[in-house]
Amino acid sequence: MGKLNFDRAIIEDAMDRILERTKRMDMSWDWPCGVAYYGIAEAYDITKKESYLEFLKERVDELISLGLPVWTVNTCAMGHCLITLYEATKEESYMDIINSKVAYLREKALRFGDNVLQHTVSADNDFPEQCWADTLFMAAFFLLRVGVKTKDAALIDDALNQYYWHIQYLQDEKTGLWYHGYNNITKDHMSGFYWGRANCWAAYTMSKVGRILPECYLYPQYLEIVGSLNEQLSALKLLQTDNGLWRTILDDEESYEEVSASAGIAAAMTLKANPLHRKYIEKSIEGVLAHVAPDGRVTDVSGGTAVMKDRDGYRNISKKWIQGWGQGMALAFFAAVLDFENIAGDGAL
């Protein structure tokens, strides 16, 4: 694919500022923190800056000491940073919590149809028989990472099954884009919008599968993932704005540009390493950097978003405040950019 054009010092400075601002956020053990700390973990893996790991360990240890919440799909997002902490420290307490999350997802989490995880945000039955693209990041990707690490074939199969069925339920084959959610009771996509961050969750996690799953090409479900991602990215590149970003409703020119979705989509392109996407990635580098404030806040990130009832439900969500998922996905994107020279394309796949 050749080299990406970027200034490493500028990227690393932006990452340092994002970390420092994220330190000031009082996030509890839930998905906003999970995505933010995933980004910090990715940044540490690429830069090996001990200050990143030190903060992660100090804050996670504090949260553990305060008591862990009831597990849900969303709270399992914190499992990602635990994997990094375990790999760095070998402290079994982290693996114990990882195993507890896996046990919940395997044995207690609500499922429907072909063993598909229902998206849950609390201890209640929040969204009966609904699957959301968010679940891929919070749970399926986490299960895959643990399955690969522990060489648990059944866990890998479960994770890949989640990817497979989320593709069937959520991707529009006509456009290549992903809907936010699917209701298995009413057999529809509810309001039916191509939400930007849903496409970020899908594209980013699918782009990671081939990078972490040994002999991925031997799994039929992986070939489904490859086909889905190729179609999605070829559609998304055409919807990139002049600023190198994507909109909160992807195909709605009156919707605002949203930076967490943009960072995740651009990160997926970076990890996929298709040479035809290089110019779009470089445009996104400039676009996302332009939204890192001097104090490290990633700006123009939409607030938490359920499957909204209509167009205005998505378009009117505030993007004024700092959000953990904006901090985290920007870090994940920049980490992928810094590691680009080590990323090989997946050939004919």
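Visitor: Which residues are linked with Lys 57 in a network of salt bridges?

Guide: Asp 61 and Glu 91 are linked with Lys 57 in that network. A salt bridge is a side-chain nitrogen of Lys or Arg within 4 Å of a carboxyl oxygen of Asp or Glu. This is a predicted model, where local features need pLDDT of at least 70, side-chain atom pairs count only at pLDDT 80 or more, and totals for chains, interfaces and linings use all residues. Residues are numbered from 1 along each chain as its sequence is written, and side-chain values use heavy atoms, with hydrogens and water left out.

Visitor: How many salt bridges does the rule give?

Guide: The count is 17. Side chains of opposite charge can pair when their charged atoms come close.

Visitor: Where do Lys 57 and Asp 61 lie?

Guide: An α-helix has 3.6 residues a turn, so residues three or four places apart point the same way. Lys 57 and Asp 61 both lie in helix 3, 4 residues apart, about one turn. Helices (H or I, at least four residues) and strands (E, at least two) are DSSP runs, numbered from the N terminus.

Visitor: Why is helix 13 called largely enclosed?

Guide: Of its 15 residues, 15 are buried, so the rest of the structure largely encloses helix 13.

Note on methods: Buried means under 20% relative accessible area, exposed over 50%, partly exposed in between (1.4 Å probe, protein chains only).
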